[in-house]
Amino acid sequence: MTAATTINARNNRGTQTAGRSPEELRELVSHWGAELELAPAEDIIEWAVATFGARFCVTSSMGDAVLADIASKVAPQIDVVFLDTGYHFVETIGTRDAVQATMPVNLVTITPVQSVGEQDATYGKDLYRTDPDLCCKLRKVQPLADSLDGYDAWATGLRRAETHNRVIAPVIGWDAKKGKVKVSPLARWSNEQVDSYIAEHGILVNPLVYDGYPSIGCWPCTRRVAPGEDPRSGRWAGTNKTECGIHS
Ligand code: SF4
């Protein structure tokens, strides 16, 4: 049975039991980082579940459900954390709802402290135009950091093939900003491997992926890309910004 929870970031502080110390977590990273570098994604998730138990979660931006599928097969009802910025395409929310309805996961939706309307009232309308870094901090980086309070380790679908910023992304890394172990089971996967896994396992995919949006973020900051264009070029197009700050 699928479960679902929605948590506003302002209500998610100090409610979880304590986990391992940063020193213990860093020790795990230094030991297991090299050990698991070439391991299959399923084995990496198995290690994380065995090591961290309920203090491990998977995050998803709902571009597709590849990582959620692998994780839910290893650990049914695993927490899958989705960050609802308030600026998502309706197709992204639909993909989240489909994952929630059809997959054996505990879908945890995180919302920023302020609604879009409250943010407009505080900082001025359309902060994504005037200060996108602050907008990302308020609607993505801080809510995710707050939501990870109850975990020692988090998994992300980040892949080295996505951007030049990610080519050295470790499979098991230390996320110093969050003080967590960051697990990237798909880090070594090529685009072709992702496509094969989707076809072979009938994985849910955000319909925008097939409509010219190979990389999907908030609607004000994502545009369609032409065939052959850098898949990430549709994100914050026309600016120097390439990352929201969650992975940098
Ligand atoms: S991607 Fe754009 S709309 Fe979304 S949080 Fe960042 S600046 Fe705001």
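**A look inside**

Guide: Start with helices H2 and H3 (residues 66-74), whose axes come within 9 Å of each other and cross at roughly 55°. That makes H2 oblique to H3; under 35 degrees would count as roughly parallel, over 145 as roughly antiparallel and 65 to 115 as roughly perpendicular, with oblique for the rest. The axes are lines fitted to C-alpha atoms, for helices over the stretch in contact, and the angle runs from 0 to 180 degrees between N-to-C directions. The crossing of H2 and H3 is right-handed, that is, the near helix is turned clockwise from the far one by less than a right angle.

Some ground rules before we go on. This is a predicted model, with local features needing pLDDT of at least 70 and side-chain atom pairs counting only at pLDDT 80 or more, while totals for chains, interfaces and linings use all residues. Residues are numbered from 1 along each chain as its sequence is written, and side-chain values use heavy atoms, with hydrogens and water left out. Helices (H or I, at least four residues) and strands (E, at least two) are DSSP runs, numbered from the N terminus.

Back to that helix pair: Ala-41, Glu-42, Ile-45, Glu-46 and Val-49 on the H2 side meet Leu-67, Ile-70, Ala-71 and Val-74 on the H3 side, where contact means heavy atoms within 4.5 Å.

Now for the cores. The largest nonpolar core has 43 residues, and Phe-52, Phe-56, Val-66 and Ile-172 touch the most other members. Helix H2 (residues 41-52) supplies the largest share of this core, six residues. A nonpolar core here is a set of buried Ala, Val, Leu, Ile, Met, Phe, Trp, Tyr and Cys residues joined through side-chain atoms within 4.5 Å. Buried is under 20% relative accessible area, exposed is over 50%, and partly exposed is in between (1.4 Å probe, protein chains only). Setting sequence neighbours up to four places away aside, Phe-56 touches Ile-45, Ala-48, Val-49, Ile-78, Tyr-151, Ala-153, Trp-154, Ala-155 and Val-183. Apart from that core lies another one, of 19 residues, including Tyr-128, Leu-148, Trp-154 and Cys-218.

Ala-155 stands opposite Val-183 in E7, and strand E5 (residues 153-155) pairs with E7 in the parallel sense over three bridges; pairing takes at least two DSSP bridges between the strands. Strand E6 (residues 172-175) pairs with E7 in the antiparallel sense, over four bridges, with Asp-175 opposite Lys-180. The E6 and E7 hairpin has four residues between its strands, and Gly-179 takes a positive phi near 70° there.

What about the side chains of E7 itself? In a regular strand they alternate between the two faces of the sheet. In E7 (residues 180-183), Lys-180 and Lys-182 point one way and Val-181 and Val-183 the other, and all are buried.

One last stop, back by H3. Met-62 sits in the loop between strand E2 (56-59) and H3. Phi of Met-62 is near 65°, a positive value in a residue other than glycine. Met-62 is also buried, at 0% relative accessible area.
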